[in-house]
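Here are my notes for you, written as numbered points. Keep the model open while you read and look for each item as it comes up.

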Amino acid sequence: MTVRRILTIDNAADLAVLKQVSLPVAAVDDGVRALMDDMLETMYAAPGIGLAAVQIGELKRVIVMDLGDGAPDPEAEVAQGEEPARVPNPRFFVNPEVLWTSEETCPYEEGCLSIPDYFDEVQRPARARIRYLDRDGRPVEEEADGLYAVCIQHEMDHLNGVLFIDHLTRLRRDRAVAKVKKAARMAA
């Protein structure tokens, strides 16, 4: 497994890739599984809870996710008053598609590894029914709600060349881009 570079909006070449529509995967094979392993390693290192393949420059309809909802880690030390660490609970999505979304929406403060250190509230459907192939190429159909619904919709937007800031007003979107570019200049 390899940690890959995450494309960010402050780089014009990266942004051009991020705005492209990803292509369907013909079959879940060892190459796709290796890509998912690299994506998971990259996401954990960032750290984040979701990553689309396009964010590491691969125009494939692949997403990895770990919402931190695994079982408590029995080997982790827990300080008094703190939540126990969780066992990783990775999820893998190949060629995901939305079959249905609820009319009910919910606001959620989103962030994105491709838009470092910027968070803003986005309204999305509260629930979604999705279909995808899992890590072994088996078809799965399920309903997502809560953080799962927010994250899967956010990552699926990436596959269609849409960033979460595209859901914001022009003023807030421009502010996000300016903030990320300024931070990149300061870091250079």
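Predicted model: local features only at pLDDT ≥ 70, side-chain atom pairs only at ≥ 80, totals over all residues.

1. Five strands make up an open sheet in the order 1-2-3-6-7, and their pairing is antiparallel. Strand 1 (50-52) and strand 7 are at the edges, where each has a single partner strand, so one side of each has no neighbour in the sheet. Going from one strand to the next, the twist averages 40°. If you are wondering what holds such a thing together, strands of a sheet pair through backbone hydrogen bonds, either parallel or antiparallel.

2. Now zoom in on one pair. How many bridges join strand 6 to strand 7? Seven bridges link strand 6 (residues 127-133) to strand 7 (residues 139-145), and the two run antiparallel.

3. Next comes helix 3 (residues 146-159). This helix has 14 residues and reaches 21 Å from its first C-alpha to its last, close to the 20 Å expected at 1.5 Å a residue. Is helix 3 enclosed by the rest of the structure or left open? Of its 14 residues, 12 are buried, so helix 3 is largely enclosed by the rest of the structure. The buried residues include Tyr 148, Val 150, Ile 152 and Leu 159, and among them you will also find Gln 153, His 154, Glu 155 and Asp 157. After the helix comes Gly 161, with a positive phi near 75°.

4. Where do the helices sit relative to the sheet? Helix 3 lies across strand 1, strand 2, strand 3, strand 6 and strand 7, and runs at about 120° to strand 7. Helix 2, for its part, lies across strand 1, strand 2 (62-65) and strand 3 (91-101), running at about 40° to strand 2.

5. Stay with helix 2 for a moment and pick out Leu 40, which sits in this helix (residues 30-45). Leu 40 has a relative accessible area of 10%, and because buried means under 20%, this residue counts as buried. Which residues does Leu 40 contact, leaving aside its neighbours within four places in sequence? They are Val 64, Pro 90 and Phe 92. Also have a look at Arg 4: its C-alpha is separated from that of Leu 40 by 9.9 Å, although the two are 36 residues apart along the chain.

6. As background, most residues other than glycine have a negative phi, and most peptide bonds are trans. Here, the peptide bond from Ala 46 to Pro 47 is cis, with omega near -10°. Pro 47 belongs to the loop between helix 2 and strand 1. Asn 95, in strand 3, has a positive phi of about 50° even though it is not a glycine. Asp 117, in strand 5, is another non-glycine with a positive phi, this time near 60°. At 60% relative accessibility, Asp 117 counts as exposed.

7. Compare that with Glu 121, which is also found in strand 5. Not counting residues up to four places away in sequence, Glu 121 touches Pro 107, Tyr 108, Glu 109, Leu 168 and Arg 172. Glu 121 and Thr 169 are 48 residues apart in sequence, yet their C-alpha atoms are 11 Å apart in space.

8. Finish with the largest pocket, which has a volume of about 400 Å³. Its lining is made of 22 residues, and those nearest its centre are Ile 49, Gly 111, Cys 112, Leu 113 and Phe 119. Which elements each supply at least two residues of the lining? Strand 4 (105-112), strand 5 (115-125) and helix 3 do.

Methods. Residues numbered from 1 in each chain as written. Heavy atoms only, no water. Helix = DSSP H or I, 4+ residues; strand = E, 2+ residues; numbered from the N terminus. Buried < 20%, exposed > 50% of the residue type's maximum accessible area, 1.4 Å probe, protein only. Contact = heavy atoms within 4.5 Å. Pairing = 2+ DSSP bridges. Expected span 1.5 Å × (residues − 1). Axes fitted to C-alpha atoms, helices over the stretch in contact; angles between N-to-C directions. 1 Å grid on protein atoms, 1.4 Å probe; cavity = no way out; pocket = protein on both sides within 12 Å on 5 of 7 lines; lining within 4 Å. Points joined across faces, edges and corners; volume = space filled by probe spheres on them.
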